[in-house]
Amino acid sequence: MRAFAVGFTALAFVIAAVLISQQKKLDAIAEEQSRLQEVITAQDEEKARLEYMIEYSGSESYLIQYAREKLGYVRPDEIKFDIDGNN
């Protein structure tokens, strides 16, 4: 009877150790999943921003903005002021 009790106790300790080990692994996996979900969310936001920029870059308002800011163009009825001393 004593051998049975010792065996049962040893088995209980082994099961407890396995459960604790498995719980630690599950916690690590859950933490990694949470981190990866944050990465996915950030990537989705970046994707949406890039899709908007692709769409916007084909619009007339973007072309006007680009011509004014990068090329220095003005409309015929506008006057360009050079505040920075650059062309």
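Reader: What is the relative accessible area of E46?

Author: The model is predicted, so local features need pLDDT of at least 70 and side-chain atom pairs count only at pLDDT 80 or more, while totals for chains, interfaces and linings use all residues. Residues are numbered from 1 along each chain as its sequence is written, and side-chain values use heavy atoms, without hydrogens and water.

E46 has a relative accessible area of 32% and is partly exposed (buried is under 20%, exposed over 50%, partly exposed in between, with a 1.4 Å probe and protein chains only). Its side chain meets that of R49 in a salt bridge, 2.9 Å from N to O (a side-chain nitrogen of Lys or Arg within 4 Å of a carboxyl oxygen of Asp or Glu). R49 is partly exposed too, at 42%.

K47 is partly exposed at 48%, and E51 is partly exposed at 46%.

Another salt bridge joins R68 and E78, with the closest N and O atoms 2.8 Å apart. This pair links distant parts of the chain, 10 residues apart: R68 lies in helix 2 (residues 60-69) and E78 in the segment after helix 2. Relative accessibility is 37% for R68, which counts as partly exposed, and 29% for E78, also partly exposed. The count comes to 4 salt bridges.

Key: Helices (H or I, at least four residues) and strands (E, at least two) are DSSP runs, numbered from the N terminus.
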